[in-house]
Amino acid sequence: MAPVVESFEIICGCRAELVIVGADEINAVLTLESMLQEFGVDVALPATFGIPDLVEADAILPLDALAQEYAPQGLSEALMYTSGDIFDNRLWGYQTDGDVFLMFYNKAFVENPELAERYADQNGHALRTPQTWAELDRQMAFFHAPDAGRYGGCLFRTADKVAWEWWARFHAKGAWPFSPNMEPQINGDKGVAVLEEMIAAAAHLVGADLDLFGNWARYKKGDIYANIGWGGTQKSLYEPGSAMRDNLINAPLPGGDINDTHVPMAYFNWGWSYVVAKNSQQPEMAYNFCVNAVSQQVGAAAIAQKNGFFDPFRADQYQDPAIVDAYGAQFLRIHEQAMLSSMPDLYLARRSEYFDALSYWLLAALSGDVTPQVALNNVAQSWRATTDRVGAKVQSRRWKALRDTYPSELRKALADET
């Protein structure tokens with residue numbers, strides 16, 4: 001945030017005060033602020049997937065009128081991912097962090113001639129970057145040899161992140177999570193198969209219960225084949241002195257073979273978006289703070305910080321020398337491709353309820369407390385209740401609009417099962 005605040009203070013000749021809360025507390029603070037006005041918040045930076053819940057709570061201002069008056073020419077065209085900032089056909093924020101889910105592979109494992117030859121003998125084809133989740137699972141199983149000091153993967157299986165892996169795997173199976181009328185489709189054969197595959201893959205994981213920073217530290221030891229993450233992961237692994245700096249293969253998420261056609265996968269599942277608080281006493285100035293923050297120079301300066309967490313979100317940022325130095329050219333090529341074809345997160349009202357239920361029952365199945373079928377039946381039941389609380393008609397309209405933002409190739413491949 002330092003370059004963002006500094007730039008705005010110079011331009012406006014005023015002071016910007018930062019109020020820092022935990023990442024998981026931002027929506028709660030904004031909602032309380034809309035009622036109590038304790039901090040006098042003008043601008044906030046919630047996770048992008050939290051915007052629908054903030055809208056439902058009447059905690060943030062729509063920005064359409066302000067954008068019509070103050071938005072610089074070409075701003076919307078410069079931003080690579082805007083799906084999460086639009087809800088109910090209105091503008092609510094500005095994306096400042098290109099958080100697409102990506103894969104990281106240990107180059108030393110891949111380039112080991114003995115391992116490569118053994119893999120080819122066992123599987124009938126050369127070792128390559130996994131194209132599907134089945135191929136990733138097979139490779140993690142192959143490399144996992146604790147007695148030899150090797151481990152297959154370090155994927156997140158924590159309450160706040162486990163749902164994302166299942167979500168990507170499920171779409172790669174070729175089905176929508178909901179029908180057009182919001183009937184859950186996750187507890188059929190495809191959803192159960194995905195969860196069974198995750199359970200099987202768990203035997204070849206290490207550190208799956210680590211938080212974000214613990215994951216980075218564990219993978220830096222250099223004895224794990226596969227990891228999953230975002231641009232922040234790359235910054236940490238690529239930093240000077242890191243054992244993984246020159247030992248990384250960056251890659252997109254595995255895709256799926258759907259109806260005999262390979263469909264690539266990209267998933268925008270996090271991100272941070274600048275929003276204006278409902279009770280801001282200076283909404284015009286707050287809006288211009290947001291616009292300045294996502295401008296070319298200021299946005300690039302924030303992204304280039306090697307200990308920062310913002311990743312490229314504008315097409316004009318990928319050639320910036322400081323950004324290339326922070327990430328490496330290989331990663332930026334993969335990241336840009338993914339940003340251009342990303343599947344959105346579940347931008348619906350009560351998104352937190354939908355994903356909390358999914359995460360709870362995924363973990364219950366992964367720990368062996370319930371079967372995959374029972375777990376997903378319970379998720380489906382919970383989802384129906386959430387939809388009923390919001391209103392099936394309005395939620396169906398939102399879901400149909402969200403489906404239209406999926407990449408065309410993936411959208412055509414997905415099927416409605418009910």
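Mentor: Five strands make up an open sheet, ordered 6-7-5-8-9, with mixed pairing. Its edges are strand 6 (151-154) and strand 9 (261-265), each of which pairs on one side only. From one strand to the next, the twist averages 30 degrees.

A word on the basis. This is a predicted model, where local features need pLDDT of at least 70 and side-chain atom pairs count only at pLDDT 80 or more, while totals for chains, interfaces and linings use all residues. Residues are numbered from 1 along each chain as its sequence is written, and side-chain values use heavy atoms, leaving out hydrogens and water.

Now the terms. Strands (E, at least two residues) and helices (H or I, at least four) are DSSP runs, numbered from the N terminus. Two strands pair if DSSP finds at least two bridges between them. Angles run from 0 to 180 degrees between N-to-C directions, and axes are lines fitted to C-alpha atoms, for helices over the stretch in contact.

Strand 6 pairs with strand 7 (residues 224-229) in the parallel sense, over three bridges. Strands of a sheet pair through backbone hydrogen bonds, either parallel or antiparallel.

Next, the helix. Helix 8 (residues 133-143) lies across strand 5 (102-106), strand 6, strand 7 and strand 8 (248-258). Helix 8 runs at about 140 degrees to strand 7. Contact here means heavy atoms within 4.5 Å.

The phi of Asn-259 is near 55 degrees, a positive value in a residue other than glycine. Most residues other than glycine have a negative phi. Asn-259 counts as exposed because its relative accessibility is 65% (exposed is over 50%, buried under 20%, partly exposed in between, with a 1.4 Å probe and protein chains only).

Asp-88 has a positive phi too, about 55 degrees, and is not a glycine. Its loop joins strand 2 (86-87) and strand 3 (90-91). Asp-88 has a relative accessible area of 27%, so Asp-88 is partly exposed.
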